[in-house]
Each structure stands twice: as structure tokens, then as C-alpha cells.
Amino acid sequence: MPIDEDRPFLPVRIALLTVSDTRGPAEDRSGDILAERITGAGHILAARYIERDDRSAIVARLHAWIDDPQVDCIITTGGTGVTGRDVTPEALAQVQDKEIPGFGELFRWLSYQTIGTSTIQSRATACVARGTYIFALPGSTGAVKDAWDGILASQLDSRFRPCNFVELMPRLMER
């Protein structure tokens, strides 16, 4: 897909949330991959945190970042499966104004190319909440690579044509 080099690159301020009961900073490989890709693409890593698999705690963290003017976008990794502790999509549902269903659909299509029918277990999702984009990715290293490389790298690049999420940011709060 084309990058229009005549357009300016606009860095996005991205907060990164790892959702896990078992990972600490030393074990957060998916978070490390995302942080590297975010800064490597020229964006700003505005915040990074590891939150336990607790819907109320995740919702509170999301609200804090949604209300932070230094955060344009939130990417979460983890908690999108189907087990009892996987509650990230439910947390997003509590804060969202608008769902972005195409994100999860496209993610699963891309993931299918890598892991086949196992992708059906992913509840990757995305939304807009009070003018902030939120993307919920699975917790595996392969999944975050698929999501960033196959979707987010281009959609968070203001030069991507024919359209991208960045150019819509000034209009997200329209009524």
C-alpha cells in the first residue's frame, strides 16, 4: 500500500498496556516488540504499563489514558482469548463510543495466514473512546507482529493512502 512521501509524517502518542497476571517487565516480550515498533516507526511511546487481568483495573487505566491529552491512541496486548480471565474486550466495551469491527475481522484474516483456524480463539477488537483510538491485541509475540505490521503500521502513518486513522483524529469528537 502506498506511502505518500509528499505528505508530512505526524507522530502519534501511543500508550501501551500489557494485560497479564503472569508477566512482569522482564517477561513482557509482546510489549517489548510493540514498544520497539512504535518508536521505530517514529511515534511517541507516551506511557507503558502492565495491568492484571481484572476488568475494573483495565477500565480504570483506559479511562485515565483516554482523558490524558498526551495520549492519542492506546494499544493493549493480552486478555483477548476465551478463558475466564480474558476480559480485555469486555473492558473496551465499557469505555467505547464506537466499535471498529473491521479491525478484528482484518486481524483474524491476517492471523489465519500464520496460525490457521486457531485464530478463531482471538477476540482482537478496536474502538474509539472520547476521541482516543484503542486497539486490543492478543498477547502472543506473533499476534502483535501480525497486528502492527499488517494493520497498525500503515493505519497510524499519516502518509498512508488512500486513508488512515491519523487524518481522522481531529474529527473524532464531532457531533
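Tutor: **The largest pocket**

The largest pocket has a lining of 25 residues, and Thr-80, Gly-81, Pro-138, Gly-139 and Ser-140 lie nearest its centre. A pocket here is an open set of points on a 1 Å grid over the protein atoms alone, where a 1.4 Å probe fits, with protein on both sides within 12 Å along at least five of seven lines; lining residues have an atom within 4 Å of a point. This is a predicted model: local features need pLDDT of at least 70, side-chain atom pairs count only at pLDDT 80 or more, and totals for chains, interfaces and linings use all residues. Residues are numbered from 1 along each chain as its sequence is written, and side-chain values use heavy atoms, with hydrogens and water left out.

About 410 Å³ of space lies in this largest pocket. That volume is the space filled by probe spheres set on the points, with grid points joined across faces, edges and corners.

α4 gives the largest share, four residues. Helices are DSSP runs (H or I, at least four residues), numbered from the N terminus.

Next, the classes. The lining of the largest pocket has 14 polar, six nonpolar and five charged residues. Ala, Val, Leu, Ile, Met, Phe, Trp, Tyr, Cys and Pro count as nonpolar, Asp, Glu, Lys and Arg as charged, and the others, Gly among them, as polar.

The second largest pocket holds about 300 Å³ of space. Its lining has six nonpolar, one polar and six charged residues.

Terms used. Helix = DSSP H or I, 4+ residues; strand = E, 2+ residues; numbered from the N terminus.
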